[in-house]
Amino acid sequence: MNPLADLIAAGESQTLEFKASFDKVSIETLVAFANAQGGTVLIGVADSGRVQGITLGKESLNEWLVQIKSATSPSIIPDLPVHHVDGKSVVAIDIAEFPVKPVSTKGRYYKRVVNTNFGKLTVADVQADNYRSSLRNKLVAEGFYLTHAIEKYGSGFIRIRKALLDYPEIEFAVEEKFGGVVASFTQLESRSDPVDGGVSGGVSGGVNSTSTLLTIMRTRPGLNAAALVQLSGKPQRTIERWLKQLRNVGQIQFIGSPKTGGYFLLEQQE
């Protein structure tokens with residue numbers, strides 16, 4: 001019997017995925033394999049395991065390889081041998097475990113767990129605290145929690161940012177670098193950033209930085225930090241520092257729950 005037919009009959013697994021055609025999901029699966037223990041994507045096989053074959057042009061395999069290389073970082077270069085099962089062409093895209101992890105595609109990271117690709121979390125999501133944590137192994141997570149090695153599940157970055165509101169001289173950044181993700185803490189140089197005079201005056205001949213937030217809040221009260229980041233175009237850590245300064249001098253107040261509330265000028269509450 002054809003060895004590939006035996007492999008197909010065993011079904012999808014930690015290292016095997018079926019795809020009827022080549023598309024971006026195929027690349028995501030290759031990335032998930034590269035971030036785990038490697039694997040094979042069979043193009044021309046339906047999810048049910050039915051071999052339907054794939055029609056290949058003269059340059060199809062080269063075009064797929066170019067797409068895979070250009071859509072991944074670091075670039076991965078799989079093997080693309082063509083097999084024949086029941087007279088139909090099936091392409092086995094083979095990728096080994098990548099030595100330098102994590103590999104991403106279009107800024108997103110995936111990892112193969114059993115027969116599922118976990119991922120779709122971007123650095124931008126982490127920076128904006130716009131993500132939901134999922135446990136890979138509940139028993140391991142509970143073990144860490146019960147031994148007090150961790151305090152909560154999946155809230156680390158959020159709690160770090162909240163704790164650093166009391167330390168405006170520390171900048172916390174999460175960035176995509178060197179083919180991976182780097183979290184860094186930077187001690188800022190001591191500098192004065194006064195908010196005297198209703199934060200309407202200038203600083204060293206320029207407009208006080210916090211006046212940007214005041215202008216937005218006057219026209220659109222009730223926005224949260226994430227919305228202020230988006231409207232101002234400033235980094236989140238900068239917005240959080242400005243908000244702390246304005247709260248300290250009694251010019252703004254956060255009203256509502258942490259999820260649905262927002263910031264208001266105190267003059268608007270009078």
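These notebook entries record what I looked up in the structure.

**Entry 1: the model**

I note that this is a predicted model, in which local features need pLDDT of at least 70, side-chain atom pairs count only at pLDDT 80 or more, and totals for chains, interfaces and linings use all residues. Residues are numbered from 1 along each chain as its sequence is written, and side-chain values use heavy atoms, with hydrogens and water left out.

**Entry 2: the whole protein**

I found 10 helices and 14 strands. Helices (H or I, at least four residues) and strands (E, at least two) are DSSP runs, numbered from the N terminus. Of the 270 residues, 36% count as buried; buried means under 20% relative accessible area, exposed over 50%, and partly exposed in between, with a 1.4 Å probe and protein chains only. The protein exposes about 15700 Å², of which carbon and sulfur atoms supply 52%. Such areas come from the Shrake-Rupley method with a 1.4 Å probe, and for residues only the protein chains shown count as cover. I also looked up contacts (heavy atoms within 4.5 Å). Among those between residues at least 6 apart in sequence, 54% join residues at least 24 apart.

I traced an open sheet with the strand order 1-2-5-4 and mixed pairing. Two strands pair if DSSP finds at least two bridges between them. Strand 1 (16–19) and strand 4 stand at the edges with a single partner strand each, so one side of each has no neighbour in the sheet. From one strand to the next, the twist averages 30°; angles run from 0 to 180 degrees between N-to-C directions, and axes are lines fitted to C-alpha atoms, for helices over the stretch in contact.

Strand 2 (residues 39–43) pairs with strand 5 in the antiparallel sense over 5 bridges, and valine 41 has isoleucine 93 as its bridge partner in strand 5. Helix 2 (residues 24–34) packs on the sheet and touches strand 1, strand 2 and strand 5, its direction making about 165° with that of strand 2. Helix 1 (residues 3–10) lies across strand 1, strand 2, strand 4 and strand 5, at about 80° to strand 4.

**Entry 3: two hairpins**

Strand 4 (residues 82–85) and strand 5 (residues 88–95) run antiparallel and are joined by 4 bridges. Histidine 84 stands opposite serine 89. The hairpin leaves 2 residues between the strands, and aspartate 86 in the turn has a positive phi of about 55°.

I then turned to strand 13 (residues 252–255) and strand 14 (residues 262–265), which are antiparallel and joined by 4 bridges. Phenylalanine 254 has tyrosine 263 as its bridge partner in strand 14. Here 6 residues lie between the strands of the hairpin, and glycine 256 in the turn has a positive phi of about 110°.

**Entry 4: isoleucine 216 and the helices**

Isoleucine 216 lies in helix 7 (residues 211–219). It counts as buried because its relative accessibility is 14%. Not counting residues up to four places away in sequence, isoleucine 216 touches Leu223, Leu228, Leu231 and Ser232. Leucine 228 is 12 residues away in sequence and 7.8 Å away in space, C-alpha to C-alpha.

The axes of helix 8 (residues 225–232) and helix 9 (residues 236–248) come within 9 Å and cross at roughly 115°. Ala225, Leu228, Val229 and Ser232 in helix 8 meet Gln236, Ile239 and Leu243 in helix 9. I recorded these contact residues as 5 nonpolar, 2 polar and no charged; Ala, Val, Leu, Ile, Met, Phe, Trp, Tyr, Cys and Pro count as nonpolar, Asp, Glu, Lys and Arg as charged, and the others, Gly among them, as polar.
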